[in-house]
Protein chains: 4
Amino acid sequence: MLSYKYSQIREFSEDICFPLKTEDYVVQPIIDVSPPKWHLGHTSWFFETFLLKPYLQDYEEFDPNFNYVFNSYYETLGNRVIRTDRGNLSRPTVEEIYNYRKYIDEQMGFLLSDATLSEMLKDLVLLGLNHEQQHQELLFTDIKYILGHNPLFPAYRTGRQEFHKVSPIREYIEIPEGLYEIGFEGEGFCFDNERCRHKVFLNTFQISTSLVNNGDYLEFMEAGGYTNFKYWHLEGWEWVKQNQIKAPLYWHEIDGLWHNYTLNGLKPVNPDEPLCHVSYYEAHAFAAWAGKRLPTEFEWEAASPKLSWGKRWEWTESAYLPYPGFKTAEGAIGEYNGKFMVNQMVLRGASEVTSPKHSRKTYRNFFQPNLRWQYSGIRLAQ
Amino acid sequence: MLSYKYSQIREFSEDICFPLKTEDYVVQPIIDVSPPKWHLGHTSWFFETFLLKPYLQDYEEFDPNFNYVFNSYYETLGNRVIRTDRGNLSRPTVEEIYNYRKYIDEQMGFLLSDATLSEMLKDLVLLGLNHEQQHQELLFTDIKYILGHNPLFPAYRTGRQEFHKVSPIREYIEIPEGLYEIGFEGEGFCFDNERCRHKVFLNTFQISTSLVNNGDYLEFMEAGGYTNFKYWHLEGWEWVKQNQIKAPLYWHEIDGLWHNYTLNGLKPVNPDEPLCHVSYYEAHAFAAWAGKRLPTEFEWEAASPKLSWGKRWEWTESAYLPYPGFKTAEGAIGEYNGKFMVNQMVLRGASEVTSPKHSRKTYRNFFQPNLRWQYSGIRLAQ
Amino acid sequence: MLSYKYSQIREFSEDICFPLKTEDYVVQPIIDVSPPKWHLGHTSWFFETFLLKPYLQDYEEFDPNFNYVFNSYYETLGNRVIRTDRGNLSRPTVEEIYNYRKYIDEQMGFLLSDATLSEMLKDLVLLGLNHEQQHQELLFTDIKYILGHNPLFPAYRTGRQEFHKVSPIREYIEIPEGLYEIGFEGEGFCFDNERCRHKVFLNTFQISTSLVNNGDYLEFMEAGGYTNFKYWHLEGWEWVKQNQIKAPLYWHEIDGLWHNYTLNGLKPVNPDEPLCHVSYYEAHAFAAWAGKRLPTEFEWEAASPKLSWGKRWEWTESAYLPYPGFKTAEGAIGEYNGKFMVNQMVLRGASEVTSPKHSRKTYRNFFQPNLRWQYSGIRLAQ
Amino acid sequence: MLSYKYSQIREFSEDICFPLKTEDYVVQPIIDVSPPKWHLGHTSWFFETFLLKPYLQDYEEFDPNFNYVFNSYYETLGNRVIRTDRGNLSRPTVEEIYNYRKYIDEQMGFLLSDATLSEMLKDLVLLGLNHEQQHQELLFTDIKYILGHNPLFPAYRTGRQEFHKVSPIREYIEIPEGLYEIGFEGEGFCFDNERCRHKVFLNTFQISTSLVNNGDYLEFMEAGGYTNFKYWHLEGWEWVKQNQIKAPLYWHEIDGLWHNYTLNGLKPVNPDEPLCHVSYYEAHAFAAWAGKRLPTEFEWEAASPKLSWGKRWEWTESAYLPYPGFKTAEGAIGEYNGKFMVNQMVLRGASEVTSPKHSRKTYRNFFQPNLRWQYSGIRLAQ
């Protein structure tokens with residue numbers, strides 16, 4: 001069962017990369033985007049480091065240099081290649097990394113076939129698989145960035161072209177004031193930052209049933225949203241001016257018509273699609289312009305059973321902070337989430353490139369407020 | 001009454017600057033520190049811009065160029081001298097700025113002597129005075145920075161040398177779980193960010209009755225606090241490494257003994273004094289090392305009647321975010337607080353250089369997590 | 001004849017790349033190093049742009065986007081991909097670029113088979129071939145940088161491992177004072193910056209017959225050369241401190257023993273080999289430490305018939321400036337050399353990776369004084 | 001005699017500062033501009049360090065901290081305040097620095113009254129006085145920068161307003177080819193970089209008898225000189241684009257009319273005045289646009305007896321390099337000139353703010369090619 005899950009998830013990472021040319025695996029156009037070959041190696045390194053090396057008897061390391069190359073931010077585990085350097089590494093080659101994956105999968109097969117596997121180890125495997133799923137979404141967003149910033153605008157795929165029409169009827173539902181339980185409960189996997197279920201008091205609020213779409217956002221742009229400081233945080237306004245931001249990421253004005261790069265190539269912007277690739281600054285400014293606000297992550301979670309969600313990661317008005325009682329785990333695994341709990345904003349929901357079965361209403365995603373390469377969108381509250 | 005308050009507060013700003021040499025009024029060693037003469041001008045400009053020009057009949061502007069020089073961050077009011085440039089401006093001279101203050105005070109005298117002054121204008125005057133008090137604290141912190149970063153270490157004063165001994169008994173008091181009302185209530189002045197009193201549910205927690213003192217912090221330093229990443233946020237750790245941080249601001253190791261610059265000059269560090277001039281990153285790392293945590297701003301406010309506070313601004317675990325129902329006021333006054341509500345952390349309490357009568361338990365101070373030139377300290381919770 | 005030369009030189013570029021993996025073609029670790037696939041494309045683009053498009057009847061462009069991707073610094077010819085971006089481009093793929101080369105070579109075949117080809121066009125072809133040879137040397141230096149900055153230190157080749165022993169006898173020959181003719185004369189190809197042969201008066205000087213070797217340089221290092229400012233230009237000293245320079249590029253101290261990365265992998269430093277990969281700053285500091293100086297480019301040229309040269313590009317004490325009478329050619333070709341004539345230093349000679357028949361005593365190479373990734377070395381004068 | 005010269009030159013530094021407000025002495029708007037009080041202190045520190053401390057018996061240092069504050073770039077003499085920090089130092093105050101000067105002058109009086117003063121010490125005093133004169137010119141240029149970058153544009157003086165009309169007749173004189181002696185000869189003071197008189201062979205050339213004036217330069221601007229890359233070095237072109245350069249320093253377009261800030265305040269540009277405050281990049285681009293070139297420093301020196309010069313420092317086409325036989329002096333004095341001999345261009349002549357008797361035809365001034373705050377202008381050659 002776990003073994004089947006393992007294969008299925010591991011294979012999906014390779015499926016995502018199937019349309020790539022070897023060269024696409026290598027580049028790192030900005031610091032936040034990692035080369036696809038790095039994702040493939042790093043997720044394997046995770047299993048090697050936290051499961052095979054400590055728990056599989058007589059395990060032989062694939063290559064001792066790989067720890068140096070594929071560690072991400074785990075300070076506990078020795079020097080890591082500084083993140084900006086990932087795009088400078090032509091070796092190990094893509095082929096070597098696929099061999100590495102194959103080797104790790106074989107060895108994990110031995111480990112998983114052990115009928116006496118402890119619950120603790122099963123939990124670690126589950127963590128590794130959820131970690132891999134996180135990187136699967138990053139594979140999509142990073143590949144999109146790599147191809148979408150190439151002057152030739154190559155398409156990632158030609159077939160499947162999902163169209164997500166946002167309901168034209170914009171409704172607000174009301175959630176009554178009261179004490180709500182927030183955080184994960186029940187069986188199954190969750191990250192440490194979702195635990196510590198606790199009570200939060202919410203005032204009565206209203207939240208939109210649908211996401212902001214491209215047409216809405218075009219109105220904001222045409223109304224001068226990017227040129228009037230009064231909608232923006234001071235920091236957001238400086239970001240706009242310094243980077244000369246005039247539209248969401250991947251939008252290009254060609255002969256007076258807005259286009260956006262999609263995984264299927266460059267297309268005219270469809271006003272009915274949910275808006276994508278905006279920063280928290282833009283989400284906040286749009287809400288201010290519309291006379292609304294963003295929901296908090298607690299409001300979002302309380303309202304979520306009544307919302308249709310999963311197409312876009314939705315920026316909230318909440319900073320990424322520990323829940324009451326949050327404790328960091330011991331060792332390298334403990335570096336997973338807590339060390340990021342400053343200067344980031346929470347996004348809730350999931351997106352069209354989130355891996356299957358890797359979303360739940362208590363999931364707390366988080367990014368710096370200026371980042372836009374994730375499939376991030378906007379839902380309004382009041 | 002308001003007129004008396006006006007004179008008293010305005011005079012205090014000049015009293016603070018009394019010990020300065022003309023040259024001390026001019027420099028800006030880092031972007032966060034403004035030249036004292038700028039503070040004196042800017043606080044006067046506030047009254048001129050928001051009260052005299054719109055509301056005093058036949059008012060004649062002192063100098064039309066001063067708007068350009070003394071505007072701080074009010075985008076509504078025309079181009080401002082970018083903040084980094086303040087330290088390059090030798091003119092207007094200190095004498096001219098004192099003349100400007102005198103002129104503004106005379107003209108404000110006319111305005112305040114109007115028996116029919118509306119409540120709205122009285123509120124605006126009060127806002128101006130509270131604004132001036134905020135800059136009085138900044139005068140202290142900025143003067144300290146200017147003199148404390150001069151290789152001659154000149155003292156600001158020789159007399160009064162307050163000694164704040166922190167009680168050696170470290171006690172934790174327990175606050176029971178429940179719904180607490182948070183935010184300003186009652187008569188009197190408060191800032192817009194304190195309004196919108198609302199309910200917050202708190203779990204049972206314990207909070208220390210006393211602040212962390214220098215002796216405690218020396219233990220952290222000696223235990224390798226600055227060299228072990230595991231106590232730090234990732235961002236904090238990078239800040240430590242990049243800036244080679246090894247001690248609080250103003251601390252210097254001289255012949256193996258720690259000294260710190262105070263307003264009375266360079267002195268050996270007193271282990272019994274409350275710790276001062278640490279960043280949020282350091283506050284968080286210290287708490288992690290001590291096996292505790294920082295309180296949230298809501299916990300702090302709920303516990304505050306039982307705490308002795310007012311010596312240090314106390315870093316909390318809360319990001320600076322709007323209270324439910326927060327609305328930005330119209331016009332330039334509306335830029336006062338809301339535009340800063342991203343990537344800053346809340347500090348509660350007050351400090352030994354906070355102006356008299358300028359503190360209350362609902363006051364929300366806020367700074368970026370790396371800043372240390374305020375009188376910031378640490379209180380622990382668990 | 002020209003046609004034969006064309007094939008020979010064009011093939012050599014591909015031969016250089018033969019040992020590479022696809023991934024090695026893609027990366028750009030620093031701004032000065034270009035991805036090998038870019039070199040292969042850019043040299044082809046040169047023939048397409050300056051010969052095929054203007055002069056081959058009915059020529060069909062291979063891909064109109066390639067001008068955007070493979071232009072280097074020719075402002076005349078439309079927007080170019082800014083240099084820092086080259087390493088972000090996964091497309092066109094290596095295979096596509098080899099197809100591009102093949103297409104260009106076929107088309108050039110048609111052009112070159114024209115018996116009536118004008119002298120002007122033959123000269124342009126020659127320029128293109130010399131340009132390609134310049135990029136052949138860059139292919140070597142850039143591949144070395146890419147592999148030599150990979151933590152796995154992969155070797156470029158395993159076979160041929162030239163050993164250049166520097167004669168242990170260090171002799172100075174004297175060149176008498178007098179008027180010397182400097183600059184290219186005679187038949188054959190030269191760059192525009194070598195023309196305008198002119199007289200230069202030289203005082204009597206002495207110049208070493210052999211290059212500085214690794215052993216000499218180790219003495220300088222052991223004598224504290226990198227820690228005593230008095231040997232350095234102010235700018236060089238700041239470069240040393242800011243970049244924490246302690247040895248030539250590619251040198252690594254492993255367990256107390258100096259190693260250097262070579263095209264055959266990481267090896268212990270051989271004291272008898274000519275020193276390689278130093279900046280002008282280092283060359284100048286070494287000479288100052290040794291109580292000598294670097295020769296000027298005019299001294300070098302005058303002495304060159306009596307020197308053995310060709311293993312290292314030799315830094316001179318001459319800035320890269322126009323010869324009397326130098327004129328920039330019209331159009332894009334005119335951008336070739338003149339626009340670089342500020343803030344660069346001249347190197348004379350050639351190196352072990354200079355292409356065959358691509359060196360002559362009047363050749364003026366030039367780089368910024370901090371650059372080290374070329375095969376640069378030191379010859380002393382007095 | 002030397003004593004009289006000493007007083008006269010030392011007093012002139014204070015005369016230059018007479019019109020300043022205390023605040024004007026303190027600021028440092030850019031790294032190249034030093035606060036006037038620093039110049040006053042540094043020139044005194046020179047006499048204290050190189051004459052009084054080593055050679056005046058029983059000399060008592062004025063303040064041991066001053067070495068730390070007023071050292072400029074003499075690495076030999078202990079840590080110096082890094083140059084960017086000069087503008088952060090409010091202390092020592094202006095009054096203290098005038099006291100310092102007074103003290104140094106008294107003590108120098110004792111030294112100079114010694115009838116047995118050695119020639120070596122007399123030479124050192126002369127060097128100190130020439131050093132002071134260099135800083136006198138910097139006082140003018142730095143004061144101009146400080147006042148000219150203040151939004152109030154205060155005038156430095158109201159009276160004397162020299163008008164330098166450039167002769168409308170633009171003539172070229174021809175200098176015949178031949179061997180010329182270059183470098184200082186004869187009695188009297190010169191800097192080490194002028195010594196080592198040597199022969200230089202020059203081709204026949206023509207050089208303009210008059211400087212380029214503002215009217216000429218306006219033609220270049222109107223002809224699109226700042227928007228056509230073909231006149232520029234690559235590095236110059238990037239400087240233009242990055243800094244959005246559109247005119248010489250101190251030029252402002254107000255209501256369609258060009259003004260420039262002068263020591264007498266902001267005035268309309270006078271087309272007949274010699275052009276001032278251009279970089280080497282601009283000088284080169286102007287010459288390229290005009291179909292001419294800049295003279296080399298050798299051509300300039302050979303032609304100088306036939307030229308009228310002294311209003312502007314004239315950019316030459318020569319990089320700042322050592323003359324044949326140049327040797328650095330031992331000790332701190334040796335740092336005077338040699339360490340700057342890389343990446344700077346030579347200017348010849350003198351300017352209207354050069355100190356009296358501080359110019360000669362062999363004087364080699366030098367600055368980085370982007371700098372403009374000196375009184376730099378253009379003379380053409382062909």
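Biologist: What makes chain A and chain B of this predicted model copies related as by a two-fold rotation axis?

Modeller: Chain A can be laid on chain B by a turn of 180 degrees with a shift of 0.0 Å along the axis, and the RMSD is 0.0 Å. The two copies are therefore related as by a two-fold rotation axis.

Biologist: Which C-alpha of chain A is nearest the axis?

Modeller: That of Asn343(A), which lies 2.4 Å from the axis.

Biologist: How do you know that the same surface serves both copies?

Modeller: Of the contact residues of chain A, 100% recur in chain B. The contact takes 34 residues from chain A and 34 residues from chain B.

Biologist: What is the buried area between the chains, and which residues of chain A lose the most?

Modeller: Chain A and chain B bury about 2700 Å² between them, with 61% of it on carbon and sulfur atoms. In chain A, the most area is lost to chain B by Leu234(A), Val342(A) and Asn343(A), together 21% of what that side buries.

Biologist: How many salt bridges and how many polar contacts cross the interface?

Modeller: A salt bridge needs a side-chain nitrogen of Lys or Arg within 4 Å of a carboxyl oxygen of Asp or Glu, and the rule finds 0 across the interface of chain A and chain B. For polar contact, the rule finds 6 residue pairs, both residues at pLDDT 80 or more.

Biologist: Which element gives the most to the side of chain A that touches chain B?

Modeller: H7(A) does, with 5 residues. The residues of that side of chain A divide into 17 nonpolar, 8 polar and 9 charged.

Methods. Residues numbered from 1 in each chain as written. Chains lettered and ligands numbered in written order. Predicted model: local features only at pLDDT ≥ 70, side-chain atom pairs only at ≥ 80, totals over all residues. Heavy atoms only, no water. Contact = heavy atoms within 4.5 Å. Buried area = accessible area lost by both parts, 1.4 Å probe. Polar contact = N/O pair within 3.5 Å; in protein donor to acceptor, adjacent residues only side chain to side chain. Helix = DSSP H or I, 4+ residues; strand = E, 2+ residues; numbered from the N terminus. Nonpolar A, V, L, I, M, F, W, Y, C, P; charged D, E, K, R; others polar. Least-squares fit on C-alpha atoms with pLDDT ≥ 70 in both.
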